[in-house]
Amino acid sequence: MEKLIPFINDLHDILSQAGLSSELNLPSIVVIGSQSVGKSSLLESIVGREFLPRGKGIVTRRPIEIQLHQVLDAEQGWFEFMDKKGEKIFESEDIRKLIESETDKVAGKNKGISPVPIKVKYFSKDILDLQLIDLPGITKNPVGDQPQDIEQKVLDIVMPFINNQNSLILAVSKASDDLATSDGLKLARSVDPNGVRTIGVITQLDLMDEGTDALNDLLNQTYPLQLGYVGVIMRGQKDIQKNKTIGEQLKDEKTFFENHKLYKKYSEKMGVNFLVKTLNMNFIQHIKKALPIIRETIISLVQIKEFDLKQYGDYDNLETKENKNLLVLTLISKFSSSYKDMLEGRCLDITSKELIGGSRIIYVFNETFRRTIQRMNPFDVLSDDEIRTAIKNANGIRPTLFVPEGAFELLVRQQISRLRMPSIECSHIVFEELRRVVNQISIPEIDRFDTLANRISEVIENLLNRSLRQTEEIISNLIDIELGYINTSHPDFVSGMDMVHKDEQRQQQQVQQQQKEKSPLQSENESNRFFNFWPFKNNKQTELYDSKLDNLNKKRKSNIINQKQQKLQQAEESQILQQQSVINKIVSVNQQYFVNDPKRQLPQVPNTIKITDRPSKREQTEMDMIKDLLVSYFNLVKKNICDSVPKTIITFLVNQSRNFCERELIGMLYKQELVDELLQENQFIQKSRAETKQSLISLRTCLNLLNDLDSKF
Ligand code: GDP
Ligand code: MG
C-alpha cells in the first residue's frame, strides 16, 4: 500500500515529461486558502525544510508542485528542481532562489501570477511519501503589476487543480477567521459540496485572543467535513527572525497542544505531524479509489495515440527508392478512389448532415439549372411592340397577308441565344463543385507530404480546367445547333397551320354563337366563318392567305403545296395588276393635288421610326399567332437544352475527370526524379509523430507500472 504514493509520483513524472499531465487527472493534494493564512508555512513544516520564498503580500505566484520521496538510507535530504533530473540540491537557500527566479521568469518580477507549475522533488528519510501543490492565495486587492481582476485570475489558476475529482483539497483557514467566511472552505465546497475530499487545516491557534478558542471548529462541529479538521501552529514572523528552526517549532507545537486546557484532550490529533500521517493515509485511500479510472484512461489514451500514429504514417518504411515509388503509386490510387467514391456516392461519411459530392451536382442540374431554364419566358425580354416591329421589318416593303416566317425565325433565334449563358454557367458551377470535392478529400497519409498534396491538387485542377473548356465548347455547339436550324416540322411544335386551325375553331364557336342570335338570312351571307375573322373582303384574298400559310408548312404538306403554289402564283399576279392600277390612280390624284395646292409639302421622315400606335385587328392576330409559335418552339428548345446540357457536363467534365484522374496523376507525378521531392514530409507531422511515439512509450510504461502494482497486491 505504501508503494502507492511513489507509484503516483512516478506516473506524474512520466506523464508530465510526455506532456500528458493535462490528459490524465492524477491524484494530488492541493493547498488552498486566502493570502497569508499559512499555506507555504504549512508546506515547509510538512517537508521540514525552509525552501519556499517568503515575504509580504503575494509570494506564491505560480503553482508549486512538491513531491516527497521517502529514501530510508538517505543521510541528508536533497531537492531536485524541474527537469534537472538527478541534480541534487542540498541547500534550502539554493532551491528557494531557483523557485524565485523561475517565478520571475514566467510571472514577471512585480507581483504577476502564472498558472504554469514549478516542480520540485524532495528526498529524505524523515518524510512520508506525498505529492502536494502550493497555490497562490486568494486575494481581492490588486498590488504591483496585478490586474484589477486579480481575484478572478487567481481563481482561474486554482480551479483546474481543485476541479480534478482525484485531488484531495487541503483548505487552510486562520483560527481567528469565521469558518463560514473562509475563502478556502468556500472554494472547496464549490467543487466538493459533500466534503468527501476536503481536509480542513486551522492555523495560528497560538495567535487567538485571550478567552477565545477554535475547539468547535476543530471538532468538526461548525462546518462539517467528512475528513475533519487538524489544528496546527507554525512559526510566526518573529520566530523566523529569531532563526527558530522547523524542528524546534514542531516540538513547541506538541507542547502547546499537550498543555492547552481545551486542546490537550485531543492533542494526539493535532499538529503538523498528525496532519502528515492523515494526509498520507487519506492520499493512499484516494489513489486506491482512483486507480481503476486511471487504468481505463491510460488504455483509451494508448488507443487514441496508436490511431494518431497510424494517421501520421510510418516513415521508417521509406528508406528505399522502391518503397518510395510504391508509396507514391499507392497514394495516387487512394486519392483517385476517394474522388470516384465521392462522385459516385460511395463516400462512407454517414455523419454528414448535408449533400456531398455527386449528389450536389445533381442538385445543381435539377434545382439550379433546370428550374432557371424552365422559368425563362420569351416575353420576359420581348414586348408586344418589339414583336410588331419585327413583323413589320420582316415584311419589308411588301406587307404580306400572312404571318411572316422571317419574323418568327428572328424572334425565336433571339430567345434560343438567351440559353447560352445559363448553360455555360451551369458547367462552371459543376466545375466548382468538382474542385470542392477535391478539397474535401482528406487522406492523412497524403496530407503528411505537403508537396505531394499540392501537386495532386494542381494536376487535378489542370485536368478539370481542360475538361471545362471542352465542355463549354460543346455546350456552345449545342446552342449553335439549335440556332442553325429552326425545325418547325418537329412533331412537338405547334405550327402556323395548327394556329390557324386553332383560330378557326375559335372563330367557328363564335360564328355558331352569332348564328344562334342572328336571322337565318344573315347567317347565310356570313357562311364562311374564316372571312369574319380576317379583315379580307373577298374569297381571293382569303385563298391567298391560306396558300401562304401552307407554304410555311410545305415539308409536311407537300402535295397540298403544289396546288397552293399555283393559286399563289395566280394571286400574286392579280395582286401586282391591282397594285399597278392603284399606283396609277394615286399618281393622277397627286398631280391634281399639287396643281391645286403647290405650297403644300410632305413632313420630313424621322431618323428613327418606332411603332407607337395601337395594333390593328389584323396586327393583333398576327402578333398573337407569333407569340403562340414562339412559346411553343422555345419550350421545345428548352426541353432539349435541359436534357443535353447536363448530359454534356456529366460526360465531358464529371466522367472525364473521374476516368482520367488516376492516369493523369500517374503520368504527371510518378517519375523517378520527382519522388524525393514529393515525399518531403511536413515538419509538423514529423514532430507530431515523434511526440506521439514518445507519448505511447510513456503510456505503455505507466500501464506496465500499473500491472506491476497489481501483481504486488
Ligand atoms: P500563505 O500566504 O498562506 O502562504 O502564508 P504564509 O505561510 O506565507 O504565512 C503568512 C504569515 O503568517 C507568515 O509570516 C507566517 O510566519 C505566519 N504564520 C503562519 N502560520 C502561523 C501560525 O500558526 N502561527 C503564527 N504565529 N504565525 C503563523
Ligand atoms: Mg504562500
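Colleague: Of the contacts between residues at least 6 apart in sequence, what share joins residues at least 24 apart?

Modeller: This is a predicted model, in which local features need pLDDT of at least 70 and side-chain atom pairs count only at pLDDT 80 or more, while totals for chains, interfaces and linings use all residues. Residues are numbered from 1 along each chain as its sequence is written, chains are lettered from A and ligands numbered from 1 in the order in which they are written, and side-chain values use heavy atoms, with hydrogens and water left out. Taking contact as heavy atoms within 4.5 Å, the share of these contacts that join residues at least 24 apart is 81%.

Colleague: What percentage of the chain is buried?

Modeller: The chain has 24 helices and 8 strands (DSSP runs numbered from the N terminus: H or I of at least four residues, E of at least two). Buried means under 20% relative accessible area, exposed over 50%, partly exposed in between, with a 1.4 Å probe and protein chains only. Of the 713 residues, the buried part is 44%.

Colleague: What is the relative accessible area of Ser 427?

Modeller: Ser 427 is found in helix α14. Not counting residues up to four places away in sequence, Ser 427 touches Leu 468, Thr 471, Glu 472, Ile 475, Ile 649 and Leu 653. Ser 427 is buried, and its relative accessible area is 0%.

Colleague: How many residues apart in sequence are the parts tied together by Ser 40 and Thr 60?

Modeller: Ser 40 (OG) and Thr 60 (OG1) coordinate the magnesium ion (ligand 2) at 2.2 to 2.5 Å; donors are N, O and S atoms within 2.8 Å of the metal (3.2 Å for Na, K and Ca), and water is not among the atoms, so sites may look incomplete. Both Ser 40 and Thr 60 are buried. Ser 40 lies in helix α2 (residues 39-47) and Thr 60 in the loop between α2 and β2 (64-70), so the separation of the parts they tie together, in residues, is 20.
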